[in-house]
Amino acid sequence: MKMITSVSQMQSISKELKSSGKKIGFVPTMGYLHEGHLTLVTQSVKECDVTVMSIFVNPLQFGPNEDFDQYPRDIDRDFALAKSAGADLLFYPSVKELYPEELPVKMTALKRTNVLCGAKRPGHFDGVVSVLTLLFHIVQPDRAYFGQKDAQQVAVVKGLVEGYFFPVQIVTVETVREEDGLAKSSRNVYLTDKERNEAPVLYQSLIKGKEMLGTKTADQVISLMASNIQENTSGKIDYIEILSYPELLPINNKTGQFIIALAVQFEHARLIDNVVFTPEEEELCIVQ
Ligand code: AMP
């Protein structure tokens, strides 16, 4: 596996790969890799000729009081993990390399962003669509792989790609979890032992919420989930929402996919998780 830190070198390699007819798979990440990231690589390796992983902690998607400086980083460890998962190229630009100066055009993600993390982290998805526009242009992937764990990101990125006719297929990969159900996340290292023991309650309450939707209203489900999390963890609930997916609109019809999503702030780590599902015929009594 080769590491590339320069935009121009990455561009010329991509150009060469494309002209020789190779199918490029792309896995954009912020590093501090875990099995979730590596599953995306494994799938890309299966489906594409060449897999490019990027590691870039993108300052544009962090708010002023968020954890950009504290975000965990370990490029040597990441290099070894990406290589062992089968990535062919690791694109690892510095902030100066990717943003030599302020971007001349400001992107604003309008759709699917006024709920969930988009509502709680103003500007976050503007930063996400900006960096992905840059990365997609540099890497020129045929397919780009994203985790369902960041379900709103997938919905927003699909909007970007469809709206701007980017010639890339977005592939969604199921959330990889620890044995006790906690979604794998780079931020899990910042949980204290006590918080780590409590954290599986988040996924447990999502599963219970999904089951309860057959017999209770969305508001009742949200309030029961909130009580469960408040009683069994020391985290502070940022949001629990039930919406249509991927539109992320209030559930005013009873067909299609739904998402139950939550964010919980622990002392040094904000965790997010979700379940996306299509209710069975007999569960169609979902009401507001
Ligand atoms: P991040 O480095 O957190 O920006 O994540 C990079 C990519 O990995 C995103 O598409 C995430 O959705 C995906 N990802 C992160 N955690 C997981 C997980 N536990 N399971 C599957 N994909 C994940």
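Helix H6, residues 124-139, has 16 residues and spans 22 Å from its first C-alpha to its last. That is close to the 22 Å expected at 1.5 Å a residue, where the expected span is 1.5 Å times one less than the number of residues. Helices here are DSSP runs of H or I with at least four residues, strands are runs of E with at least two, and both are numbered from the N terminus. The model is a predicted one, in which local features need pLDDT of at least 70 and side-chain atom pairs count only at pLDDT 80 or more, while totals for chains, interfaces and linings use all residues. Residues are numbered from 1 along each chain as its sequence is written, and side-chain values use heavy atoms, with hydrogens and water left out.

H6 is mostly covered, with 14 of its 16 residues buried; buried means under 20% relative accessible area, exposed over 50%, and partly exposed in between, with a 1.4 Å probe and protein chains only. After H6 comes Gln140, whose phi is positive, near 50°.

I turn now to the sheet. Three strands form an open sheet in the order S7-S8-S9, with antiparallel pairing; two strands pair if DSSP finds at least two bridges between them. Strand S7 (236-245) and strand S9 (270-277) stand at the edges with a single partner strand each, so one side of each is left without a neighbour in the sheet. Neighbouring strands are turned by 10° against each other on average, direction ignored; the axes are lines fitted to C-alpha atoms, for helices over the stretch in contact, and angles run from 0 to 180 degrees between N-to-C directions.

How many bridges join strand S8 to S9? There are 8, and the two strands run antiparallel, S8 covering residues 257-265. Gln265 has Arg270 as its bridge partner in S9, and Ile259 stands opposite Val276. A hairpin of 4 residues joins S8 to S9. S9 is also mostly covered, with 7 of its 8 residues buried.

On a 1 Å grid over the protein atoms alone, a cavity is a set of points where a 1.4 Å probe fits but cannot get out; a pocket is an open set with protein on both sides within 12 Å along at least five of seven lines; and lining residues have an atom within 4 Å of a point. Grid points are joined across faces, edges and corners, and a volume is the space filled by probe spheres set on the points. There is 1 cavity of 30 Å³ or more, and the largest cavity holds about 40 Å³. S9 gives the most to its lining, with 3 residues; the lining includes Leu271, Ile272 and Asp273. By class, this lining has 5 nonpolar, 2 polar and 2 charged residues; Ala, Val, Leu, Ile, Met, Phe, Trp, Tyr, Cys and Pro count as nonpolar, Asp, Glu, Lys and Arg as charged, and the others, Gly among them, as polar.

Leu271 lies 9.6 Å from Leu191, C-alpha to C-alpha, although the two are 80 residues apart in sequence. Leu191 is in the loop between strand S6 (169-173) and helix H8 (193-198), and is buried at a relative accessible area of 10%.

Finally, the second largest pocket has a volume of about 330 Å³. Helix H7, residues 151-163, gives the most to its lining, with 6 residues.
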